[in-house]
Structures are given as structure tokens and as C-alpha cells.
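Subject: A structure to look through

Dear colleague,

Please look at the model first and then read the notes below it.

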Amino acid sequence: MRAVKISESGGPEVLKLVEQPVPSPGPGEVLVKVAYAGVNRPDCLQRAGLYPPPPGASELPGLEISGTVVGAGDSIGADWIGRRVCALVNGGGYAQYCLARPGSFLPVPEGLPMEQAAAMPETLFTVWHNVFQRGLARDDETLLVHGGTSGIGSMAIKLAKLFGLTVIVTCGSDEKCAAARSMGADYAINYKESDFVEEVRSITNKAGCQIVLDMVAGDYTQRNLDCLAAEGRLVTIAVLGGAKAEINMAKLMMRRQTITGSTLRARSDTFKQLLAAEIEREVWPLVAQGLLRPQMDEIFPLAEAAEAHRRMEAGDHVGKIVLAVD
């Protein structure tokens, strides 16, 4: 099969198109003929040598795919053979064939194009777990999302609006603010021109928001807490601004705020299966009805994976970048 491997740690140029054997599914696994693979920032971090795959995972990048199940390692997956799925995987998505585990993938409903199906698992699983499970989002609450036009940010906007939240986002340009509003964001703040803390306080009549979904950390951490109302929840899912932060614990205690966070890739198969089951029950009917779709940016051929990474790292994309594999 054709696959894109990381030849060594480095920039996008280290992504090389190679030929290698098709993997064989073992017990509890299925083999998916990949149609499209989503491109995510963790792929870029892995390529740079900053995010190694967990033990037992494929060394190939790629954490989400869409395609057709063509083989199974045991009877558990046999019923899926011939069915179209989109899957969250631990790696290996940048290839014509990829292993996945039943329970961590979802059927692709009629009307959902396969390129869009590949753009959903990583962002949908991440947003659902962090905003709704860890962040305890409820109807009529206000959510602040940093990076409003990223894959995560765009999914957070769309999902939160479907569940009755008010959404505030930050973006790095007026054009991206306009794009975020077109996706459904109630308010968009150009963080390069305005203090987002003051803007959030103004929007909420000084009450603050209930949830912040943050990918920055570092010196954003206290500023995020300053955006939160009493009993507010800060959920961190990346540390683009630095892994360490200094915060005012007295203010946090007085306002009874909560800081939490998570990573998804290293979580157990059991956890991902439980998460997928909840998403299938609570969210997938909205996908089947056409009410939830990912925001798509650009589709690159598999052989141009390096260009896809360059686009992501340039920060100009709006929504999801996808590789066409089949």
C-alpha cells in the first residue's frame, strides 16, 4: 500500500510517500480501506518529534479516517465488513489501509460525504468530551473558545449551538472573526486588536462565561480564569502557549472555579468506546439529519501531505484539512 511516513523528526519535508505492507487485523481489530484522512495538529507535533505515538500504535501519522471495512481479525468485527465508517485511530491514517477497533468508529450515514466523515472523529470526540463531559456544559450557558476557526474551534461552535449554548470565540483577524460568525458564533473577538478578557466581561455584563475551551495555556491561563463566572470551568486541551502557568489561587478559590484538561490519543480503548457510544446516541442523529457538518478547508492528495502540514502550521486554514487517499 501507499503510505506517508515520518522519515525523521523535522519540518513538513520529512513526510515521505512510501510503499509498505498492508497491516493485518488482529483480535479486536478491523482493516479499513481508507478514502480520506483528517489532518490534525497532533500529526504536526508527531512529525516534529514532540508527540510520540503510544505503545503499540502505528508509527505512521493520522488519527482519523473514513473508508470501508474490508477485513476483520475476529467475529466481533466481521459484521462491519463492507460498511462505510469513520474512525478515531491511534495512528496509521496516512495510508491506503489502516487498522481500527470496533467501538471507536461510527457508521457513515447517507448524505454525509466521505471527505466530511474523515474530518469529524478527532474534533467531535475532543469537543464532546471536553466541553460536555469535562466542562459540564448546559443549555443557556456561555462558552468561550480560543482558535475559533480551527478544526476544534469550528466543531465547538457548531456543536455548542446545537445544544443551546451562547458561543464567544477568539480569532487572529477580522476575516477569521467573520468566518466564525458565519459558522454560528454569537460573538467573535480579534485578540490581536482587543483584550479578550475585557470583551468577554462586556459581552456577559461583567458576569463572565461558564466554560472556556483553551488550546493555548501558558499566560492565557489566568486570563481565562478572569473570563470565568463563579463556578466556571476552564478546560485545556493543548499548550501552544507553554506548558507552565502562574495563577492566582485566592481568586480561584473565592470564585469556586475549576481547571481541568485532557488528551485523547493515549486514553484506553475502553474509554474511547464508551465515548463513541455516547456520541452515537447524543450527536450522531444530528449528523444523520444533516444538522451537523464539519467546516471544511482544503483537500490535498496523500502525496502532498507535506503541503497539508505547511498549510496547517501557517495558520491560514479555516476548518478541517483532509488528505484524499483512495
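This is a predicted model: local features need pLDDT of at least 70, side-chain atom pairs count only at pLDDT 80 or more; totals for chains, interfaces and linings use all residues.

Residues are numbered from 1 along each chain as its sequence is written, and side-chain values use heavy atoms, with hydrogens and water left out.

The chain has 12 helices and 15 strands, where helices (H or I, at least four residues) and strands (E, at least two) are DSSP runs numbered from the N terminus. The C-alpha trace spans about 60 × 40 × 35 Å along its principal axes. For 326 residues a compact globule would have a radius of gyration near 20 Å, and the chain agrees with this at 20 Å; the radius is taken over C-alpha atoms, and the globule rule is 2.2 Å times the number of residues to the power 0.38. Of the 326 residues, 53% count as buried, a word that means under 20% relative accessible area, with exposed over 50% and partly exposed in between (1.4 Å probe, protein chains only). Among contacts (heavy atoms within 4.5 Å) between residues at least 6 apart in sequence, 69% join residues at least 24 apart.

Two packed helices are described by the angle between their axes and the distance between the axes. Axes are lines fitted to C-alpha atoms, for helices over the stretch in contact, and angles run from 0 to 180 degrees between N-to-C directions. Angles under 35 degrees count as roughly parallel, over 145 as roughly antiparallel, 65 to 115 as roughly perpendicular and the rest as oblique.

Helix 4 (residues 121-134) packs against helix 5 (residues 151-162) at about 60 degrees, with the axes 9 Å apart, and the two are therefore oblique. In this contact, residues of helix 4 including Trp 128 and Phe 132 meet residues of helix 5 including Met 155 and Leu 159.

Helix 4 also packs against helix 10 (residues 269-282), here at about 85 degrees and with the axes 10 Å apart, which makes the pair roughly perpendicular. Among the residues that make this contact are Trp 128 and His 129 of helix 4 and Leu 275 and Ile 279 of helix 10.

Helix 7 (residues 196-203) and helix 8 lie at about 10 degrees, with their axes 9 Å apart, and are therefore roughly parallel. Phe 196, Val 197 and Val 200 of helix 7 meet Tyr 220, Arg 223, Asn 224, Asp 226 and Cys 227 of helix 8.

Gln 116 lies in helix 3 (residues 114-118) and counts as buried at 18%; leaving aside neighbours within four places in sequence, Gln 116 is in contact with Arg 293, Pro 294 and Met 296.
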